[in-house]
Amino acid sequence: MKQYVVSAEEMKRYDSNTTKLFQVPSLLLMERAALETVGEICRCVGEKRQRMLVVAGSGNNGGDGLAIGRILMLRGWQVDFVLTGDPAKQSAETRKQSEILQAYGVSFYDRIPNDEYDVIVDAILGIGLTRPVEGALKETVEKINKSPAFVCSVDMPTGIQTDTGQVLGEAVQADLTVTYGFVKRGQILYPGSTYCGKLVCRDIGIDRHSFAGEPPGWYCYEKAEELEMPDRRPDGNKGTFGKVLVVAGSRKICGAAMLAAKAAFRVGAGMVQVVTAAENRDLLLRSIPETMLTVYEEQKEIEEQEEFTVDFVQALQWADTILIGPGIGMGKAAKWLLTKCIGESSLPLVIDADGLNLLSQDAGLQETIAGQQREVILTPHLGEFARLYGYSVQEAKEGLMTDPGRLAQKLGCTVVCKDARTVVTSAEETASFLNTTGNSGMATAGSGDVLAGMIAGLVGQCRSGRMAAENGVYLHGLAGDLAAAKKTERAVMASDLIDSIQDALREMNRAKEEAAL
């Protein structure tokens, strides 16, 4: 099942729908959130009575924190409470939690005492952050971070922007973050993800009923069994599982073609044919004897290479899916090949690397793609996306959650925008996919070639290009995680990703079998 990833506005709307449409009292939701968080804290630090500090804001996040502290106080923990912000601006629920504590004889501090604590609960802002953390609040956050105590953030570490994951001023570095209902975007995106520590999402009564016809715009997969990967036909043959035409490599760059072709085979493509520069022939045949090969003379005009042009047309007719771009360069031959793949074929088409750079320079080819009724998957990293979209890399990074969708709508295609968190979005789908697998070891030459080959290899096996893109991105990241577990992140190479594809597929199959029991 998909795990929804929500914005602050979406979460507030679903919370409101739960209390107004379904008549679930807000205080009840708060108590459930507190109980769930107490359970997670005790799982992390143990049931033994400890010394705790609750730092609470004036919004409902603060009320959650006060309820957490009360529950553990009544279990015998020694708990101190700090109220930040203006008491006159407390929400009704937080004011009620304060009154309950006062009835138990609790008094509140207005700043963090100079005492030692085993556990600190950060319940200052939650998802309500709208401006940078400054002044006295910044000093409070800094004091929390300097403490050796175990830190649990309630819903969202204070200082992390809920929708972008950016640090606004200063942010709490949590050991544990317990969030409610649905995971928030800023808990998945970097750097927010690194501030959450262990992230746990718990059900408190806000579920899909609370969407009220307006589901979230983003989702991810929490586990490999959630992938919508079709079963492999037991009566299939090599033609059943897809014939992939890989147009890749140039006379100075052979590795891109090798990596893409091997990756297509590794995810289960039945047949792969590589179109590349003649200089790559011998090396490709030695390294991938399973592949078919069609070559051209890169330094000659392609139109004058009659035998190749005939073979290339036949290859376009033979294939089920085309991948073009890895390592093809920016010369005349590469432009000719891209133009043919776009203009003279209706097959599913994956465009990567140099193919994207050539596309960004040719508005006519973009218009052709936009006017076609075919599966087109673009796989840009941030630099390539910036060139396609016509702005800076920094703007591309800031627009990661919005602009790939706009480009997908403009061109009528699927866009895989690659970053530390890769997004997959398409013209025909209302929700977008945010990938959570992968690691820093994958920031290495050739990693994108492997992904492009995986996606192309999956197109013939999946019911849509969008599904192939999602599965490819997730499995690519999972292969990277498994490779890093063997090699360490620092030592991972692109070839290690290919070697780990089989491990990723095995992990997916194992997870699906366990889920079916």
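Guide: In this predicted model, ring pairs join Tyr4, Tyr14, Phe182 and Phe211 into a cluster. A search of the whole structure gives 17 aromatic pairs.

Visitor: What is the geometry of the pair formed by Tyr4 and Phe182?

Guide: The pair is edge-to-face, with 6.5 Å from centre to centre and 85° between the planes. Tyr4 belongs to strand 1 (residues 3-6), and Phe182 to the loop between strand 6 (176-180) and strand 7, so the pair ties together parts 178 residues apart in sequence.

Visitor: Are Tyr4 and Phe182 buried or exposed?

Guide: The term buried applies under 20% relative accessible area. Tyr4 counts as buried because its relative accessibility is 16%; Phe182 is buried at 7%.

Visitor: How is the pair of Tyr296 and Phe308 classed, and why?

Guide: An angle between the planes under 30 degrees counts as stacked and one over 60 as edge-to-face; the rest are tilted. The planes of Tyr296 and Phe308 stand at 55°, with the ring centres 5.3 Å apart, so this pair is tilted. Tyr296 lies in strand 12 and Phe308 in helix 10 (residues 306-318), so the parts tied together are 12 residues apart in sequence. Tyr296 is buried, at 2% relative accessible area, and Phe308 is buried as well, at 4%.

Visitor: Which charged ends sit over rings?

Guide: The charged end of Lys2 sits over the ring of Tyr219, 4.2 Å from its centre. Arg232 places its charged end over the ring of Phe241, 3.6 Å from the ring centre.

Visitor: What is the strand order of the open sheet?

Guide: The sheet has 12 strands in the order 7-1-9-18-17-16-15-14-13-10-11-12, with mixed pairing. Its edges are strand 7 (183-184) and strand 12 (292-296), each of which pairs on one side only. Helix 8 (residues 255-266) packs on the sheet and touches strand 10 (243-247), strand 11 (271-277) and strand 13 (321-324); the helix direction makes about 175° with that of strand 11.

Technical notes: Residues numbered from 1 in each chain as written. Predicted model: local features only at pLDDT ≥ 70, side-chain atom pairs only at ≥ 80, totals over all residues. Heavy atoms only, no water. Pairing = 2+ DSSP bridges. Helix = DSSP H or I, 4+ residues; strand = E, 2+ residues; numbered from the N terminus. Contact = heavy atoms within 4.5 Å. Axes fitted to C-alpha atoms, helices over the stretch in contact; angles between N-to-C directions. Phe/Tyr/Trp six-rings, centres within 6.5 Å; stacked < 30°, edge-to-face > 60°. Buried < 20%, exposed > 50% of the residue type's maximum accessible area, 1.4 Å probe, protein only. Lys NZ or Arg CZ within 6 Å of the ring centre and 35° of its normal.
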